[in-house]
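Keep the 3D view open while you read.

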Amino acid sequence: MARAFVLVMDSFGIGAAPDAARFGDVGADTWGHIRAAHKPLVPNLVRLGLDAAHATATGAPYMGPPPQAWFGAASERSFGKDTPSGHWEMAGVPVEFEWGYFPKTVPSFPAALIADLVAKARLPGVLGDCHASGTQIIDELGLEHIATGKPIVYTSADSVFQIAAHESHFGLARLLELCKIAFELVQPYKIARVIARPFVGDAPGRFKRTGNRKDYAVRPPGPTLFDKLTDVGRKTIAIGKIGDIYAHQGTQEEIKADGNDDLMAKTLATIASAADGSFTMTNFVDFDTLYGHRRDAAGYAAALAAFDRQLPAVEAALRPGDIAVLTADHGCDPTWQGSDHTREFVPVLCFGPGLKGRDLGSRDSFADIGQSLATHLGIAPLGHGKSFI
């Protein structure tokens with residue numbers, strides 16, 4: 001029986017989406033700008049069809065060799081360019097409503113929200129209360145946090161409330177409990193996620209976020225591919241932060257990993273062992289958190305080259321009848337202004353034993369991915385998307 005695997009290259013956009021002007025992102029192009037500035041060696045991604053998909057997204061002519069995989073570019077139908085919206089849509093559930101967001105002011109959070117959080121969690125207060133880069137704010141406020149016991153709270157252009165705290169001085173268990181309290185308190189504000197951002201270290205420059213991050217997310221507004229497969233008795237496997245993103249709805253087995261190399265190792269082990277008829281999704285988070293948001297184009301390029309070197313092992317591990325999809329959930333152009341996501345097309349590269357090069361064209365929704373995998377796995381159609389199978 002067929003199996004399916006989705007490898008989400010978190011934030012790997014391939015050119016401004018048709019509605020990029022609404023987000024101030026006309027001209028954003030994660031892959032195009034990285035390629036132009038740093039020329040990373042990614043022969044396997046190119047062989048599969050990355051540059052051809054980029055040409056589809058940007059309207060530029062493609063002059064390279066014929067791709068060996070199915071290739072295309074998908075634009076997002078969801079109203080936002082955030083992580084949950086992108087993932088939910090690719091699993092068949094576009095987010096066709098507006099999330100709540102916190103203003104880019106200081107303070108960013110409503111006074112009543114912070115007062116309730118301080119009271120319910122018995123805190124001495126909070127630090128931050130602003131839009132910020134997560135790595136910068138722990139460098140700026142980490143020592144004060146350790147001295148006062150006040151957690152660091154901050155947000156971004158996403159619909160998110162983030163809390164950073166030291167694993168030893170504040171305590172990981174206490175941070176997670178604090179985030180549960182915060183998650184309940186932000187619901188009236190229509191906030192998509194509360195994220196626990198634990199860190200270690202003893203001084204600016206030596207503070208480092210750990211792999212114990214946890215996302216508390218609202219549930220998708222409808223049944224995703226994970227739910228549909230669970231309903232018919234198929235095995236679903238979520239690697240990395242996928243379980244958190246889907247609010248643990250339909251994700252039967254959840255495998256944690258820390259960093260792209262560990263995520264790939266866990267993915268390869270799963271490909272070797274996953275049952276017939278199963279579905280696996282992995283989020284390769286480093287592209288976004290370490291390089292996209294930090295506007296580190298050189299680091300992003302190096303991470304792409306490292307990821308590319310591991311793709312032949314993925315291809316070799318697939319069985320006859322399997323299909324794997326390389327895609328992304330949004331863009332995060334490391335050459336763009338600010339530090340937020342960018343509204344872009346994402347690549348859709350499908351490969352597996354027996355699949356030959358085929359142009360999938362420009363797709364109107366990430367949901368085409370989920371719909372196609374539903375077809376491949378032999379279950380009833382999802383509520384959104386057009387299958388390319």
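Which residues in α5 meet which residues in α7? Bear in mind that this is a predicted model. On the α5 side you'll find L113, D116, L117, K120 and A121, and they meet L178, I181, A182, L185 and V186 in α7. The spacing makes sense, because residues three or four places apart in an α-helix point the same way. The axes of α5 (residues 111-121) and α7 come within 10 Å and cross at roughly 145°, and the crossing is right-handed.

Now for the sheet. Eight strands make it up, in the order β10-β9-β11-β1-β12-β13-β2-β14; it is open, with mixed pairing. β10 (253-255) and β14 (358-363) sit at the edges with a single partner strand each, so one side of each has no neighbour in the sheet. From one strand to the next, the twist averages 15°.

Zoom in on β2 (residues 70-74) and β13 (residues 346-351): they pair in the antiparallel sense over five bridges. Within that pair, A74 stands opposite V346 in β13. Helix α3 (residues 50-58) packs on the sheet and touches β2, β13 and β14, with its direction at about 35° to that of β2.

Here are the angles for the helices just mentioned:

| Elements | Angle |
|---|---|
| α5 and α7 | roughly 145° |
| α3 and β2 | about 35° |

Next, the core. The largest nonpolar core has 102 residues, and F161, F279 and L326 touch the most other members. Helix α7 (residues 167-186) supplies the largest share, nine residues. A second, separate core of ten residues includes C130, I137, I138 and L141. Setting aside neighbours within four places in sequence, L326 is in contact with L7, M9, L45, L48, F307, L311, P347, V348, L349 and F351.

That leaves α4. How many of the eight residues of helix α4 (residues 83-90) are buried? Eight of the eight are, namely T83, P84, S85, G86, H87, W88, E89 and M90. What covers them includes β1 (4-9), β6 (193-200), α9 (242-245), β11 (279-284), β12 (323-327) and α13 (367-377).

Both ends of α4 deserve a look. D82 caps the N-terminal end, with a side-chain oxygen 2.9 Å from the backbone nitrogen of S85. Just after the helix, G92 takes a positive phi of about 100°.

Technical notes. Residues numbered from 1 in each chain as written. Predicted model: local features only at pLDDT ≥ 70, side-chain atom pairs only at ≥ 80, totals over all residues. Heavy atoms only, no water. Buried < 20%, exposed > 50% of the residue type's maximum accessible area, 1.4 Å probe, protein only. Helix = DSSP H or I, 4+ residues; strand = E, 2+ residues; numbered from the N terminus. Contact = heavy atoms within 4.5 Å. Polar contact = N/O pair within 3.5 Å; in protein donor to acceptor, adjacent residues only side chain to side chain. Core = buried A, V, L, I, M, F, W, Y, C linked by side-chain atoms within 4.5 Å. Pairing = 2+ DSSP bridges. Axes fitted to C-alpha atoms, helices over the stretch in contact; angles between N-to-C directions. Left-handed = near helix turned anticlockwise from the far one by under 90°.
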